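Me: I would like to go through the side-chain contacts of this model and the terms used for them. Please set each value against its cut-off.

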Amino acid sequence: MYKKIFLILLFLSMLTIPTLAEDIEPVTLDEADTLELPLKPQEPQPKPAIHNVDAPKWEEFCESGYENAKATDKKNILNVINFVDAERTKSNYWAERRANFEKAVEHCNTLTEEEKGYCYEGVRNAENERNEMYEQQRKHINYKNQGIIIDKPN
């Protein structure tokens with residue numbers, strides 16, 4: 001009889017131990033470390049200096065053959081030759097992009113050395129994004145024209 005009572009009490013105590021353990025909040029190593037250290041205000045991290053960054057060159061971004069493109073407003077005679085019209089449109093596009101690129105680089109040249117590096121990086125990023133958009137539009141035009149390639153292959 002005493003054995004049965006002892007086993008029942010042992011069994012009941014085993015059931016209550018996990019419920020007691022849930023009431024205790026566990027402390028991890030990360031929390032233990034932060035509890036002992038006083039809180040310090042975070043100091044701003046200095047930006048890495050970009051020194052001696054070369055100015056971007058137009059040839060890095062321009063499609064080959066259009067480095068010296070000039071904008072023209074000449075109209076095609078009766079719009080008979082579509083290739084000539086497409087070539088003029090493409091030439092005008094690159095001429096306009098070059099003018100905007102040169103304005104951006106001229107602006108960067110007026111800044112201090114540290115600002116100049118960040119400005120040049122901004123110009124490079126903007127031109128790379130424009131090139132990606134240009135490629136997407138070009139692929140779309142080629143698809144729309146059912147595989148008829150309007151511009152020169154690279």
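Me: How many aromatic pairs does the count come to?

Reply: The count comes to six aromatic pairs, where rings of Phe, Tyr and Trp (its six-membered ring) pair if their centres lie within 6.5 Å. This is a predicted model, in which local features need pLDDT of at least 70 and side-chain atom pairs count only at pLDDT 80 or more, while totals for chains, interfaces and linings use all residues. Residues are numbered from 1 along each chain as its sequence is written, and side-chain values use heavy atoms, with hydrogens and water left out.

Me: Why is the pair of tryptophan 58 and phenylalanine 101 called tilted?

Reply: Planes under 30 degrees apart count as stacked, over 60 as edge-to-face and the rest as tilted. The planes of tryptophan 58 and phenylalanine 101 stand at 45 degrees, with the centres 5.3 Å apart, so the pair is tilted. Tryptophan 58 lies in the loop between helix H2 (29–36) and helix H3 (82–109), and phenylalanine 101 in helix H3, 43 residues apart. Helices here are DSSP runs (H or I, at least four residues), numbered from the N terminus.

Me: What makes the pair of tyrosine 93 and tyrosine 134 stacked?

Reply: The angle between the planes of tyrosine 93 and tyrosine 134 is 15 degrees, and the distance is 5.0 Å centre to centre. The pair links helix H3, with tyrosine 93, to helix H4 (residues 113–144), with tyrosine 134. Tyrosine 93 is partly exposed because its relative accessible area is 28%, whereas tyrosine 134 is buried at 10%.

Me: What makes the contact of glutamate 127 and arginine 97 a salt bridge?

Reply: A salt bridge is a side-chain nitrogen of Lys or Arg within 4 Å of a carboxyl oxygen of Asp or Glu. For glutamate 127 and arginine 97 the N to O distance is 2.6 Å. The two residues are 30 residues apart, in helix H4 and helix H3 respectively, and both are buried. The whole structure has nine salt bridges.

Me: Why are glutamate 113 and lysine 116 separated by about one helical turn?

Reply: They are three residues apart in helix H4, which means about one helical turn. Glutamate 113 is exposed at 54%, while lysine 116 is buried at 17%.

Terms used:
Buried means under 20% relative accessible area, exposed over 50%, partly exposed in between (1.4 Å probe, protein chains only).
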